[in-house]
Amino acid sequence: MTPSGPSPLGRSVVLGPGQPTPEAWGAADNYVLDRELLGDADQLETTVHHLTRGYVNRIPSIYVLGVDLEILNAPETSDAPPYELGAEFTFLRERLTKLIWHNSYDARSGELIWWWAHKAAARLDVTVGGPADVLTADGTSIWIDGGPR
């Protein structure tokens, strides 16, 4: 597995449990995202705040996804009136999901997949691959950034 993308893009990688860490992420922080984390509100809040700082600063991380996507993507709700929730309220699991996927390769299959390139190819006249994320019809290489502005 060889990642593509200039280092300033700060891309992370999502692995399944037990998968080896790709060489390019050898020095990156490793986060295990499992039922234990999702079940501990304090630990989840601390992790989300830490991952947010890394995401905003484009620091590559390793996310070991040890929970089914159905659990991670389960809807979160609150019956509290919005004025009682306050300005700092957030659904932590929803934020965690964004932090995991918005600037990360999916390597759970053993191959590095940049889903933003596949999404672009489904909507535009581009081909996944080449020296960047996608190639246009005229051969122009384009990087597709999934990170923060």
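In the predicted model, the side chain of R11 lies over the face of W114, at 3.6 Å from the ring centre. W114 also belongs to an aromatic cluster, which it forms together with W25 and Y105. A further contact between a charge and a ring involves K119 and W116: the charged end of K119 sits over the ring of W116, 4.6 Å from its centre.

Across the whole structure, a search identifies four aromatic pairs. One of them is formed by Y31 and Y63, whose rings adopt a tilted arrangement with a centre-to-centre distance of 6.2 Å and an angle of 35° between the planes. This pair links distant parts of the chain, since Y31 is located in strand 2 (residues 29–34) and Y63 in strand 3 (residues 61–66), 32 residues apart. Y31 has a relative accessible area of 14% and is therefore buried, because burial is assigned under 20%. Y63 likewise counts as buried, with a relative accessibility of 3%.

The secondary structure comprises six helices and seven strands. From the N terminus on, these elements follow the order β-β-α-α-β-α-α-α-β-α-β-β-β. The loop between helix 2 (41–56) and strand 3 contains R58. Although R58 is not a glycine, its phi is positive, at about 55°. Most residues other than glycine have a negative phi.

Of the 149 residues in the protein, 36% are buried. Among the contacts with a separation of 6 or more, 66% are accounted for by residues 24 or more positions apart. The Y31–Y63 pair, with its 32-residue separation, provides an example of a link between distant parts of the chain.

The surface and the charges were also examined. The protein exposes about 9,000 Å², of which carbon and sulfur atoms supply 53%. Its charged side chains number 11 positive and 20 negative, and the centres of the two sets lie 5 Å apart.

How values were computed. Residues numbered from 1 in each chain as written. Predicted model: local features only at pLDDT ≥ 70, side-chain atom pairs only at ≥ 80, totals over all residues. Heavy atoms only, no water. Phe/Tyr/Trp six-rings, centres within 6.5 Å; stacked < 30°, edge-to-face > 60°. Helix = DSSP H or I, 4+ residues; strand = E, 2+ residues; numbered from the N terminus. Buried < 20%, exposed > 50% of the residue type's maximum accessible area, 1.4 Å probe, protein only. Lys NZ or Arg CZ within 6 Å of the ring centre and 35° of its normal. Contact = heavy atoms within 4.5 Å. Areas by Shrake-Rupley, 256 points an atom, 1.4 Å probe, with all protein chains shown as cover. Lys, Arg positive; Asp, Glu negative; His and termini not counted. Charge placed at Lys NZ, Arg CZ, Asp CG, Glu CD.
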